Amino acid sequence: MVKHIVLFKLSAPEPERTQIITDFCNAIKALPPVIDVIRHIEVSRNINPAEKYDIALYSEFDTLADVTAYATHPAHVAAAGILKGHVESRACVDYEL
């Protein structure tokens, strides 16, 4: 099993940031019925204002190839597009259990 963790720091000011986060989270949560390689997915706004990142995304896949299939799927590309132009920084880790 591959675990895929992504953190996003947005550059948008409030209240635009809140709307972007809401739209992105809703779009990501809608992906499992559309992308069959997703085994589990969670996404949410960081509730700790003392930390750097605004959004945490955690997902599980059977293989790294499935992560790639997810990342390039048109529905995921559209969801990721919600953040386009608003990402100040991104961190990603993929690891296998």
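**Reading a predicted model: loop, helices, cysteines**

Me: Where is His 73 found?
Reply: His 73 is found in the loop between α2 and α3. Helices here are DSSP runs of H or I with at least four residues, strands are runs of E with at least two, and numbering starts at the N terminus. This is a predicted model: local features need pLDDT of at least 70, side-chain atom pairs count only at pLDDT 80 or more, and totals for chains, interfaces and linings use all residues. Residues are numbered from 1 along each chain as its sequence is written, and side-chain values use heavy atoms, with hydrogens and water left out.

Me: Is His 73 buried, partly exposed or exposed?
Reply: Buried means under 20% relative accessible area, exposed over 50%, and partly exposed in between, using a 1.4 Å probe and protein chains only. His 73 counts as partly exposed, at 24% relative accessibility.

Me: Which residues does His 73 touch, not counting residues up to four places away in sequence?
Reply: Contact means heavy atoms within 4.5 Å. With that exclusion, His 73 touches Val 34 and Ile 35. Val 34 is 39 residues apart from His 73 along the chain, and their C-alpha atoms are separated by 9.3 Å.

Me: What separates the C-alpha atoms of Ala 65 and Lys 52?
Reply: A distance of 30 Å, for two residues 13 apart along the chain. Ala 65 lies in helix α2, residues 64-72. At 55% relative accessibility, Ala 65 counts as exposed.

Me: How are two packed helices described?
Reply: By the angle between their axes and the distance between the axes. Axes are lines fitted to C-alpha atoms, for helices over the stretch in contact, and angles run from 0 to 180 degrees between N-to-C directions. Here helix α1 (residues 16-29) packs with helix α3 (residues 74-81) at about 170°, axes 9 Å apart. Therefore α1 and α3 are roughly antiparallel. The cut-offs: under 35 degrees is roughly parallel, over 145 roughly antiparallel, 65 to 115 roughly perpendicular, the rest oblique.

Me: Which residues meet between α1 and α3?
Reply: From α1, Phe 24, Ala 27 and Ile 28; from α3, His 76, Ala 79 and Ala 80. By class, this contact has five nonpolar, one polar and no charged residues. Ala, Val, Leu, Ile, Met, Phe, Trp, Tyr, Cys and Pro count as nonpolar; Asp, Glu, Lys and Arg as charged; the others, Gly among them, as polar.

Me: How many disulfides does a search of the whole structure find?
Reply: A disulfide is a pair of cysteine sulfur atoms within 2.5 Å. The search finds zero.
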